[in-house]
Amino acid sequence: MKIRKGDEVVVIAGKDKGATGKVLRVLPREDRVVVEGVNLITKNIKADQQRAGKESGRVTVEAPLHVSNVALAEDGKPVRVGYRIDEDGTKVRISRRSGKEI
């Protein structure tokens, strides 16, 4: 998967198309990512013993997006990701648009 936790991404498809945010979690087995402030859903939470002191109610949280619906953002625009092997043998991600390291 070419997108990692902490990357700045832009949503390229779906109801939140055009929104940008930081990747909070990556779920590689499901090919999904959770982006901050994007794809918000409302969950109903019950009060229980494990959540001591917390009340029941409605909570807004980010739901996972499929990784194909997001692209890495460079200057607010979506870019494709490539790889390059440096002289010391390390593999680094590069922007296909500018050629810079990400």
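# Reading contacts, strands and salt bridges

Modeller: Start with one atom pair: a polar side-chain atom of Asn39 sits 3.2 Å from the backbone oxygen of Pro64. The model is predicted, so local features need pLDDT of at least 70 and side-chain atom pairs count only at pLDDT 80 or more, while totals for chains, interfaces and linings use all residues. Residues are numbered from 1 along each chain as its sequence is written, and side-chain values use heavy atoms, with hydrogens and water left out.

Biologist: What is a polar contact?

Modeller: A pair of N or O atoms within 3.5 Å; within protein, one must be able to donate a hydrogen and the other to accept it, and residues adjacent in sequence count only if both atoms are side-chain atoms.

Biologist: Where is Asn39 placed, and is Asn39 buried or exposed?

Modeller: Asn39 is in the loop between strand E3 (32–35) and strand E4 (40–45). Strands (E, at least two residues) and helices (H or I, at least four) are DSSP runs numbered from the N terminus. Buried means under 20% relative accessible area, exposed over 50%, and partly exposed in between, with a 1.4 Å probe and protein chains only. Asn39 counts as buried because its relative accessibility is 14%.

Biologist: Which residues does Asn39 touch?

Modeller: A contact means heavy atoms within 4.5 Å. Leaving out residues up to four places away in sequence, Asn39 touches Lys15, Asp16, Val61, Glu62, Ala63, Pro64 and Leu65. With the same exclusion, Leu65 touches Val11, Asp31, Arg32, Val33, Val35, Val38, Asn39 and Val70.

Biologist: Which residues of the largest nonpolar core touch the most other members?

Modeller: A nonpolar core is a set of buried Ala, Val, Leu, Ile, Met, Phe, Trp, Tyr and Cys residues joined through side-chain atoms within 4.5 Å. The largest one here has 13 residues, and those touching the most other members are Ile3, Val9, Val33, Val35, Leu65, Val70 and Leu72. At least two residues of this core come from each of E1, E3 and strand E7 (70–74).

Biologist: What is the strand order in the open sheet?

Modeller: Strands of a sheet pair through backbone hydrogen bonds, either parallel or antiparallel. Two strands count as paired if DSSP finds at least two bridges between them. The open sheet has 6 strands in the order E6-E3-E2-E1-E7-E8, with antiparallel pairing. Its edge strands, strand E6 (65–66) and strand E8 (77–79), each pair on one side only. E3 and E6 run antiparallel and are joined by 2 bridges; Arg32 has His66 in E6 as its bridge partner.

Biologist: How many residues lie between E9 and E10 in their hairpin?

Modeller: There are 5 residues between them, and Gly89 in the turn has a positive phi of about 90°. E9 (residues 81–85) and E10 (residues 91–95) run antiparallel, joined by 5 bridges. Across this pair, Arg84 stands opposite Val92 in E10.

Biologist: How many salt bridges does the structure hold?

Modeller: Side chains of opposite charge can pair when their charged atoms come close. A salt bridge puts a side-chain nitrogen of Lys or Arg within 4 Å of a carboxyl oxygen of Asp or Glu. The structure holds 3. One joins Arg93 and Asp7 at 2.9 Å, N to O. That pair links distant parts of the chain, with Arg93 in strand E10 and Asp7 in the segment before strand E1 (8–11), 86 residues apart. Both Arg93 and Asp7 are buried.

Biologist: Which residues form a network of salt bridges?

Modeller: Arg84, Asp86 and Glu101. Arg84 meets Asp86 at 3.9 Å, N to O, and meets Glu101 at 3.8 Å, N to O. The Arg84 and Glu101 pair also links distant parts of the chain: Arg84 is in strand E9, Glu101 in the segment after E10, 17 residues apart. Arg84 counts as partly exposed because its relative accessibility is 35%.
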